[in-house]
Amino acid sequence: QVQLVESGGGLVQAGGSLRLSCAASGSGGTFSTYSMTWFRQAPGQEREFVAQFSWSGSRTYYKDSVKGRFTISRDNAKNTVYLQMNSLQPEDTAVYYCAAARFLEARYSSPSSYSNWGQGTQVTVSS
């Protein structure tokens, strides 16, 4: 198991930026062996995929609506994954969750593929 702690959420005006961080710890194995993904969940909606950073090959994948605005990155030396969010819009308002799955190869996986989750961080974008 790996423990995940998100930070960096907050209130921002439309067009603004935020950078989320997710720090991993625990005895579940080397951080670099985990595929790391950001999900989000708005009130009354299902949790949805936002961005993924693969554990092998440094491949990244994004939800269509965030392509060109969000960037996922990771620092394996710091056991941390980041989500840089630019040009934020009110529809980006949600609780953002970090998730980890060891050796996960699949892209755009559903939440059920992940057994390690952070507590979530609120992102609110005002119009």
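Strand E7 pairs with strand E8 (residues 80-85) in the antiparallel sense, over 6 bridges. Two strands are said to pair if DSSP finds at least two bridges between them; strands themselves are DSSP runs of E with at least two residues, and helices are runs of H or I with at least four, numbered from the N terminus. The model is predicted: local features need pLDDT of at least 70, side-chain atom pairs count only at pLDDT 80 or more, and totals for chains, interfaces and linings use all residues. Residues are numbered from 1 along each chain as its sequence is written, and side-chain values use heavy atoms, with hydrogens and water left out.

**First stop: the turn.** E7 and E8 form a hairpin with 4 residues between them. Within the turn, asparagine 79 has a positive phi of about 55°. Then select aspartate 75, which stands opposite threonine 80 in E8.

**Second stop: the two faces of E7.** Display the side chains of residues 70-75, which make up strand E7. Phe70, Ile72 and Arg74 point to one face and are buried. Buried means under 20% relative accessible area and exposed means over 50%, with partly exposed in between (1.4 Å probe, protein chains only).

Select serine 73, a residue of strand E7. Because its relative accessibility is 28%, serine 73 counts as partly exposed. Which residues is serine 73 in contact with, leaving aside its neighbours within four places in sequence? They are Phe53, Thr80, Val81 and Tyr82, where contact means heavy atoms within 4.5 Å.

**Last stop: the whole chain.** The C-alpha atoms fill a box of roughly 40 × 30 × 25 Å, taken along the principal axes. Of the 127 residues, 46% count as buried. Among contacts between residues at least 6 apart in sequence, 60% join residues at least 24 apart.
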